[in-house]
Amino acid sequence: MESVLQTRQEESALRVEIYGLLAHLFRKAPDQTVLDWFSALDVEANQHAGSQNTMAAAWPVVKLAAQTTSVLAVEEEYQDLFIGIGRGEIVPFGSWYLTGSMMEMPLAHLRRDLAQLGFQRDESVKEPEDHIAALLEVMAMLVEGGDKHLQQVFFNRHIATWFERLCKDLKVASSAVFYSAVAELALQFLLVEKTRLVEVN
């Protein structure tokens, strides 16, 4: 029993780390420290990532992408992908993917659920709360909290409905090089989470 509990705790800790890592990469371009971390990644150690083979195979691709880029290149890539002039190639917001517009009903529903969970908007953050980075940050906190029902509800309402389209768009975006690898890692991890957090009606 103790070993099973320890395994679950390790699995939860790993999930928190990956949610946090992906949130960081979607929030801003990685700095040299992050690129160095990826470049030195022991991909063999990640083969156990809870992970199906498809997810395990994504880690070496991100490692190689980090080894073959630079801070300047990835900053320019991030700018073109997510910011651009007017907007970037990718619009990483739930409302955009679900309705084709920003600030729509999905955001209102998200704000209601965040309030019920006790999360408050950080006034220093300019983006709406349905940015994929913010949603992944919330999931990291919910996994850390340990309540699977809350994880299921939040994931299925606010991430499961659109993450696959986002990741697939990012993988093939014309500006994506490093972030194409990130998109594959995010896709495979979130597909594992989708299976893990399926709600039984």
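How many residues does helix 6 have, and how far does it reach from its first C-alpha to its last? In this predicted model, helix 6 spans residues 105-117 and has 13 residues. Its reach is 18 Å, close to the 18 Å expected at 1.5 Å a residue. Gly-118 follows the helix, with a positive phi near 90°.

Four positions of helix 6 are listed next. Leu-107, Leu-110, Asp-113 and Leu-114 are its buried residues. Seen down the helix axis, they fall within an arc of 125°, so they line one face of helix 6. An α-helix has 3.6 residues a turn, so residues three or four places apart point the same way. The face turned away from the buried side carries Met-105, Ala-115 and Gln-116, which are exposed. The buried residues of helix 6 pack against helix 5 (94-99), helix 7 and helix 8 (148-158).

Helix 7 (residues 132-145) contains Val-143. Val-143 counts as buried because its relative accessibility is 3%. Beyond its neighbours within four places in sequence, Val-143 contacts Ser-12, Arg-15, Val-16, Tyr-19 and Gln-151. Ser-12 lies 131 residues away along the chain, yet the C-alpha atoms of Ser-12 and Val-143 are separated by 6.5 Å.

Note on methods: Residues are numbered from 1 along each chain as its sequence is written. This is a predicted model: local features need pLDDT of at least 70, side-chain atom pairs count only at pLDDT 80 or more; totals for chains, interfaces and linings use all residues. Side-chain values use heavy atoms; hydrogens and water are left out. Helices (H or I, at least four residues) and strands (E, at least two) are DSSP runs, numbered from the N terminus. Buried means under 20% relative accessible area, exposed over 50%, partly exposed in between (1.4 Å probe, protein chains only). Contact means heavy atoms within 4.5 Å. The expected span of a helix is 1.5 Å times one less than its number of residues. The arc is that of the directions from the helix axis to the C-beta atoms.
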